[in-house]
2 protein chains.
Amino acid sequence: MIAPNRQQELKQLLTRMQIPDRTINWDLLDQSLIHPSFSTTYNNDYLEFFGDSVLRMVVVIFLRNNYSDRPVGDLAALRSHLVSDKVLAAIADGYGFDRFLVMGESARRDPKTSLSRLANSFEAVLGALYLSTNSFCLIKDWLEPHLSDISVSVLAKPAFGNSKAALQELTQANWHILPEYKAIASEEYQVFMVEVWVNNLCWGVGKGSSIKAAQQEAAAIALPALSQSIEISAKS
Amino acid sequence: MIAPNRQQELKQLLTRMQIPDRTINWDLLDQSLIHPSFSTTYNNDYLEFFGDSVLRMVVVIFLRNNYSDRPVGDLAALRSHLVSDKVLAAIADGYGFDRFLVMGESARRDPKTSLSRLANSFEAVLGALYLSTNSFCLIKDWLEPHLSDISVSVLAKPAFGNSKAALQELTQANWHILPEYKAIASEEYQVFMVEVWVNNLCWGVGKGSSIKAAQQEAAAIALPALSQSIEISAKS
């Protein structure tokens with residue numbers, strides 16, 4: 001059982017989020033807002049792990065209901081944006097998650113970890129909300145307007161859908177190099193295959209009815225993988 | 001509407017899988033078993049995209065119901081195994097998915113793509129099963145015994161949970177090198193932080209109450225990322 005004043009605090013958060021609190025599992029919601037720097041044994045690690053899958057499921061359902069006319073490549077690009085730490089942290093910050101998150105003093109003072117701390121607690125809260133009802137019902141109505149606003153702004157960007165341009169931006173910003181595309185043999189009639197290489201590793205293989213389409217697909221596959229690797233390196 | 005003989009064929013597959021066919025959306029199930037080499041416009045690309053999230057959700061629910069006593073690191077390791085192409089392809093192959101998969105002749109003759117073709121069609125079928133009822137009900141009962149068998153065999157391996165050993169195996173097999181671990185400054189009291197570097201990139205940062213625990217965590221983070229990168233490179 002959580003303390004009455006903590007429950008009051010969490011009620012405030014739910015009010016901000018306009019989520020009804022009748023069916024909430026308060027213990028899980030409490031735990032979802034305990035950072036590992038506060039306790040190595042009772043914290044939001046597991047709920048973040050669970051919530052990551054909840055988020056991905058809610059996102060693909062949202063995309064199906066709203067962007068079913070888009071090519072799969074666009075949907076994959078939208079998804080990787082909607083589940084990125086940056087986007088999740090921004091939503092969490094809008095509700096002032098940091099005020100409700102219990103954490104060690106040193107963690108609070110560390111600006112470098114603020115983004116991942118917010119994003120992780122956001123996923124953990126999604127985990128707690130799902131597990132309160134064993135369904136997406138508390139999450140969908142609340143999260144979908146956010147997903148909608150973000151999608152609209154992403155789709156309006158001129159670089160959207162141009163994965164080659166986005167990948168080039170990424171490799172130039174990080175290593176002042178360009179990705180290398182290599183056409184490879186394809187056994188299928190009128191199907192082209194292209195690999196994209198960065199730093200001596202192949203990060204994606206694309207297929208398409210033209211070399212250009214195959215390059216775009218290879219870049220789209222490489223983008224999230226390379227971004228993740230850069231993100232991990234940057235945290236260090 | 002799909003042709004009656006195709007529906008008969010798909011009924012056979014469902015019988016093999018012991019999935020009741022009353023609530024099946026036959027058009028979606030048909031599409032889930034059409035490889036992009038057969039048609040660039042009507043194929044299982046989208047359902048694979050959707051099914052990937054369905055799979056991850058079913059896997060975390062399974063892990064919650066069966067392995068809630070395990071540390072999160074173990075669950076993450078189990079998950080990355082359960083959603084790997086190799087495991088999915090093996091399940092799909094057990095039901096003879098290739099016989100039901102409509103594909104171009106050249107694709108069928110290409111042994112290099114057989115693994116990803118099976119894994120992708122497996123995910124696409126999960127997508128079609130979810131969307132038939134907008135729930136996990138057709139999937140859970142059928143998939144959980146598989147997840148259970150695989151988990152038991154993975155957990156029985158001596159290397160399980162020893163991410164450092166597994167990572168070392170991976171880098172030695174691929175490049176004859178060892179991962180490099182670097183302790184980095186941690187501002188938290190009695191918390192150690194370690195980075196793991198392979199090929200001049202940092203693939204993971206681990207945290208723990210000892211250097212050894214932090215190294216294990218770093219290796220556990222690096223493993224799936226590095227495996228994925230090697231898998232993509234190998235496909236080329």
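Colleague: What share of the contacts in chain A with a separation of 6 or more comes from residues 24 or more positions apart?
Modeller: This is a predicted model, and within it the elements of chain A run from the N terminus as α-α-α-α-α-α-α-α-α-α-β-β-β-α, that is, 11 helices and three strands. When the contacts in chain A with a separation of 6 or more are taken together, the part that falls to residues 24 or more positions apart is 55%.

Colleague: What fraction of chain A is made up of buried residues?
Modeller: The C-alpha atoms of chain A fill a box of roughly 65 × 40 × 30 Å along the principal axes. Counting a residue as buried when its relative accessible area is under 20%, the buried part of the 236 residues in chain A comes to 51%.

Colleague: How far apart are the centres of domain 1 and domain 2 of chain A?
Modeller: The domain assignment divides chain A into domain 1, which covers 4-155, and domain 2, which covers 163-235. Taken over C-alpha atoms, the centres of these two domains of chain A are separated by 30 Å.

Colleague: Is A:Leu126 buried or exposed?
Modeller: A:Leu126 belongs to helix H8 of chain A, which spans residues 114-133. Beyond its neighbours within four places in sequence, A:Leu126 is in contact with A:Gly51, A:Val54, A:Leu55, A:Ile139, A:Trp142 and A:Leu143. Because the relative accessible area of A:Leu126 is 0%, and the limit for the class is under 20%, this residue is buried.

Colleague: How far apart in space are A:Leu126 and A:Ala107?
Modeller: In sequence, A:Leu126 and A:Ala107 are 19 residues apart. From C-alpha to C-alpha, the separation of A:Leu126 and A:Ala107 in space is 22 Å.

Colleague: What kind of axis relates the two copies, chain A and chain B?
Modeller: Chain B can be laid on chain A by a turn of 180° with a shift of 0.1 Å along the axis, and the RMSD is then 0.1 Å. The two copies are therefore related as by a two-fold rotation axis. The same surface serves both copies, since the share of the contact residues of chain B that recur in chain A is 95%.

Colleague: Which helix gives the most residues to the lining of the second largest pocket?
Modeller: The second largest pocket has a volume of about 220 Å³, and of the 15 residues that line it, the closest to its centre are A:Tyr130, A:Asn134, A:Ser135, B:Ile61 and B:Phe136. Two elements give two or more residues to this lining, namely H8 of chain A and helix H3 (45-66) of chain B. By class, the lining of the second largest pocket holds seven nonpolar, five polar and three charged residues. The element that gives the most, with three residues, is H3(B).

Colleague: How many charged residues are in the lining of the largest cavity?
Modeller: A search of the whole structure finds one cavity of 30 Å³ or more, and the space in the largest cavity is about 70 Å³. Its lining is made up of A:Trp203, A:Ala225, A:Gln228 and A:Ser229 together with B:Trp203, B:Ala225, B:Gln228 and B:Ser229, and the elements that give two or more residues to it are helix H11 (211-235) of chain A and helix H11 (211-235) of chain B. Sorted by class, the lining of the largest cavity has four nonpolar and four polar residues, while the number of charged residues is none.

Technical notes: Residues numbered from 1 in each chain as written. Chains lettered and ligands numbered in written order. Predicted model: local features only at pLDDT ≥ 70, side-chain atom pairs only at ≥ 80, totals over all residues. Heavy atoms only, no water. Helix = DSSP H or I, 4+ residues; strand = E, 2+ residues; numbered from the N terminus. Buried < 20%, exposed > 50% of the residue type's maximum accessible area, 1.4 Å probe, protein only. Contact = heavy atoms within 4.5 Å. Domains from an automatic or database assignment. Least-squares fit on C-alpha atoms with pLDDT ≥ 70 in both. 1 Å grid on protein atoms, 1.4 Å probe; cavity = no way out; pocket = protein on both sides within 12 Å on 5 of 7 lines; lining within 4 Å. Points joined across faces, edges and corners; volume = space filled by probe spheres on them. Nonpolar A, V, L, I, M, F, W, Y, C, P; charged D, E, K, R; others polar.
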